[in-house]
Every structure is written in structure tokens, then in C-alpha cells.
Amino acid sequence: MSQDQLDSSRTRAASCGSAVAAAQAGVEAARSAGKVAQAGRDRLLGDLADSSIRAPFSGYILYRLAEAGEMIAAGSPLVTLVSDNEVYLTAFLPAEVAGKLALGDEARLQMDAKPDEWVPATVTFVAAEAEFTPKSVETASERSNLVFRTRIGVDPAVLAQNPWLKSGMPGLGWLRVDSDATWPSAPSR
């Protein structure tokens, strides 16, 4: 081989080496760009997850406190959510009645929507301390008394059998403070 051919081959080899090095640098640049794009994607997915609102339980919105697109501070309430799996009636009972009740005691609800039917329920809460009757009680003499807040809850299985029964419906709560007494077959009006 002549010296010119040797020099030409060496120049081509050096040129190919430079092309390989440039290609390797391009591959590294593409990998870096891919990592940057993945980080941007992850950030956008995080932002999207942070802007999504999910309820901790199934239910319906009673009050909307903020509108779509409105800027709110972290931790601010957005809605009042009412569970569709938890229906109860809150009653305010005098001490002589509340003292005879225990959690799990049998109760009945007579809802205004279907006044001729009993809805089976149980006592699920009796306050540990007395309080003044809330202003929503009808008479002033009743409002001046100390009472115990009591919750009469409906079992989810009963709710499944009575889809018409919803939170916020007005009704009456019936409690049996004498365990020997029997329930009437139908509620009285």
C-alpha cells in the first residue's frame, strides 16, 4: 500500500471514530432528554393528582362551598358531603330517658315520607355530657332544659332494602326504655 493510501485510510478511521463519538454523544443527549421528559410527565401527573378531589366515602354533596376554577387555600373546605350509607336521627333526650338507654338498644324511626311504616334502628350514640337544647326545638320551655344528644342509626342492610330512606329526611324517633314493652305493629300518627 502506498503512503497516500495509508494516510487516507488513517484519516477515514479517525473520521469514523469521530462519527462514533458524535453518535454516542447523541445517544447520551437523547437519554438525558428522555429523563427530562419523564420528569416533566411525572410532575404533570402529580399536579393532576393534586388537583383531583376524591371523596373518602360514597355520598352526595349537600352544600358546595367553592366553585370550579376558584383558587382556594390548602385545607379549605370545598363541599359538605353527606354519606348515603349512614342515616341517623339525632334526638335530644332528658336525663331520665337518656340514662335508661345503652348503645345498641332497639329503636324505631317513623319518617314523614312513609308515616305508616316502622324503620328498624338502634341507639348508636348517647352524649357523655348534658347540653342545652338546640334552638331548633319548638318550645321555649323545652329549650331551657339540659338534654343529652342521642343518635338513632339505621343499619346499612336496612338502607339497602329501603332506597327511599335518605339523610336529612324529617321523622320521629321511638325508643323503648322498658325492655319488657312490645312495639306496636304499626306506628301511630
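In this predicted model, the mean pLDDT of the protein is 84, and 93% of its residues reach a score of at least 70. Among the elements of the protein, strand 5, which covers residues 119-126, has the highest mean pLDDT, at 93. The lowest mean pLDDT, 55, belongs to helix 3, formed by residues 140-143.

The secondary structure of the protein consists of four helices and eight strands. Read from the N terminus, these elements follow the order α-β-β-β-α-β-β-β-α-β-α-β. The protein is more spread out than a compact globule, because its radius of gyration is 36 Å, well over the 16 Å that the globule rule gives for 189 residues. Along the principal axes, the C-alpha atoms of the protein fill a box of roughly 120 × 35 × 30 Å.

Helix 1 spans residues 3-50 and contains Thr11. Between Thr11 and Val177 there are 105 Å in space, C-alpha to C-alpha, and the two residues are 166 positions apart in sequence. Thr11 has a relative accessibility of 54% and therefore counts as exposed, since the cut-off for this class is over 50%.

Gly75 and Arg64 are 11 residues apart along the chain, and 15 Å separate their C-alpha atoms.

Contacts and surface were examined for the protein as a whole. Of the contacts with a separation of 6 or more, 60% are accounted for by residues 24 or more positions apart. Buried residues, those under 20% relative accessible area, make up 18% of the 189 residues. The accessible surface of the protein is about 13500 Å², and carbon and sulfur atoms contribute 56% of this area.

The protein carries 18 positive and 23 negative charges. The mean position of the positive charges and that of the negative charges lie 8 Å apart.

Key
Residues numbered from 1 in each chain as written. Predicted model: local features only at pLDDT ≥ 70, side-chain atom pairs only at ≥ 80, totals over all residues. Heavy atoms only, no water. Helix = DSSP H or I, 4+ residues; strand = E, 2+ residues; numbered from the N terminus. Rg over C-alpha atoms; globule rule 2.2 N^0.38 Å. Buried < 20%, exposed > 50% of the residue type's maximum accessible area, 1.4 Å probe, protein only. Contact = heavy atoms within 4.5 Å. Areas by Shrake-Rupley, 256 points an atom, 1.4 Å probe, with all protein chains shown as cover. Lys, Arg positive; Asp, Glu negative; His and termini not counted. Charge placed at Lys NZ, Arg CZ, Asp CG, Glu CD. pLDDT = per-residue confidence, 0-100.
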